[in-house]
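Here's a quick tour of a fold, sheet and helices included. Have the viewer open and follow along.

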Amino acid sequence: MFIHFIGIGGIGVSALAKYYLSQGAKVSGSDLVSSEITEEFKKLGVKISIGKHKKTNLPRAAERVIYTSATLKDNPEFKEARKRHLKIQSYPEAVGELTKKYETVTISGAHGKSTTTALSALVLEEGYFDPTVIVGTKIKEFGNSNFRKGLGSYLVLEADEWNKSFLKYHPKVAIVTNIDAEHLDTYKTVEGVEKAFFLYLSKVPSDGAIIANFDSERLRKVAKKFGRLVFWYSLKDKEAEKIAGVLRLPGKHNISNALAAYRLGKLFGIEEGHILHAISGFSGAWRRFEFKGKLNGASIFSDYGHHPAEIHATILAARERFPFRRVWCVYQPHQYQRLSYLWKEFVSAFDMADRVCILPVYDVAGREIKKTRKGVNSKELTHELLQRGKDAMHFDSFADARKFITQNARPGDIILIMGAGDIYKFADAFHVGQ
């Protein structure tokens with residue numbers, strides 16, 4: 001089998017490509033820009049085309065095409081595949097097909113999916129279930145990869161709700177971390193999100209299970225409709241204290257994520273000692289409160305958080321882990337639509353930060369389709385934060401922000417560099433020492 005991936009640099013699509021490589025398939029791919037991920041594929045001997053999509057990027061020998069959901073239907077490679085009558089699937093369709101071949105454990109929710117997926121996979125690995133894993137970030141324990149090849153019958157999958165992707169999947173066990181007002185470009189209202197989660201959980205068979213966070217009010221409302229299928233977890237559980245004693249990640253939200261993995265382990269009959277050992281060994285996911293080093297005595301962390309609830313939780317975690325320190329939040333908004341839909345939430349998300357640096361909005365190719373209301377941009381967000389009394393400032397470029405931070409960071413500061421766009425490159429560019 002020869003599979004061509006359009007958008008192979010995406011964190012999900014790349015994991016799927018690695019899966020097929022592990023199964024002996026031949027793989028090629030294309031993406032608009034080069035990245036760590038595309039360079040990794042090149043080192044593996046995969047033909048990667050970078051730049052504007054062209055029909056000639058599609059190899060003559062290709063038998064199947066899998067494309068990222070952001071791919072437009074006038075994409076030259078997509079059109080060429082249709083012309084050749086090849087099998088064409090979106091990423092969610094291809095993954096959905098895969099979930100039928102395994103006993104699949106899916107992890108969904110507005111926040112905490114990647115961390116919970118990693119922890120769940122490590123717990124099952126500790127219990128000798130040897131799962132195959134597809135996760136939306138790089139995990140050190142998986143060889144700094146977003147994919148783990150397993151020999152068991154289980155697939156552990158991060159299930160994203162954007163564009164209703166997770167409705168394509170067929171979980172035997174569904175873990176849900178929370179329901180929040182997220183991906184409103186897809187669902188319009190939080191009630192639309194709740195309806196989608198209901199449809200998703202309805203796919204769990206009668207001999208399956210739902211592991212749900214009792215502390216999420218919206219999730220509680222949806223999941224309780226599934227009665228005996230549901231196994232709840234909560235920060236009020238007695239196991240939370242045991243987890244807090246071994247978990248290396250900061251913040252109550254991460255204790256909650258670990259509780260979900262704990263519940264999964266118990267469901268699979270894994271002994272508590274083994275579960276806690278797996279949880280204690282997790283060093284954290286790529287760009288999830290990831291320590292990058294020191295600058296002028298300040299500690300630099302990179303974090304993927306881009307939703308207001310995630311920003312608030314990460315700043316709170318920094319406060320808990322580093323009391324009496326000055327906490328910065330350097331933030332790159334991700335999508336004008338998200339900024340528009342959650343404007344009020346964004347204005348209050350930074351309340352616990354001492355200093356806020358706002359960068360221009362990261363415009364996501366293929367996803368910024370609908371217009372947003374006038375005045376929704378990073379400069380206006382900075383203005384609102386100033387009106388709120390925050391020490392906030394806007395920078396037009398990474399270079400300007402880097403100069404300011406370098407000149408003003410002082411020993412003991414905690415600098416959180418946050419966002420889901422290309423701001424991770426900004427964090428890396430400091431070249432800070434340990």
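Below are some notes on the sheet, the helices packed on it, and one more helix.

## Ground rules

This is a predicted model, where local features need pLDDT of at least 70, side-chain atom pairs count only at pLDDT 80 or more, and totals for chains, interfaces and linings use all residues. Residues are numbered from 1 along each chain as its sequence is written, and side-chain values use heavy atoms, with hydrogens and water left out.

## The sheet

Look for five strands making an open, parallel sheet, ordered S3-S2-S1-S4-S5. Strands here are DSSP E runs of at least two residues, helices are H or I runs of at least four, and both are numbered from the N terminus. Strand S3 (47–50) and strand S5 (87–90) sit at the edges, each pairing on one side only; pairing takes at least two DSSP bridges between two strands.

Strand S4 (residues 64–67) and S5 run parallel and share four bridges. Ile66 has Gln89 in S5 as its bridge partner.

## Helices on the sheet

Helix H4 (residues 91–99) lies across S4 and S5, at about 95 degrees to S5. Such angles run from 0 to 180 degrees between N-to-C directions, with axes fitted to C-alpha atoms, for helices over the stretch in contact; contact means heavy atoms within 4.5 Å.

## Helix H11

Which residues of helix H11 (residues 272–280) are buried? They're Ile275, Leu276, Ala278 and Ile279, where buried means under 20% relative accessible area (1.4 Å probe, protein chains only). They cover an arc of only 155 degrees around the axis, so they lie on the same side of H11; the arc uses directions from the helix axis to the C-beta atoms. These buried residues pack against helix H5 (113–126), helix H9 (239–246) and helix H10 (252–267).

Key
Buried means under 20% relative accessible area, exposed over 50%, partly exposed in between (1.4 Å probe, protein chains only).
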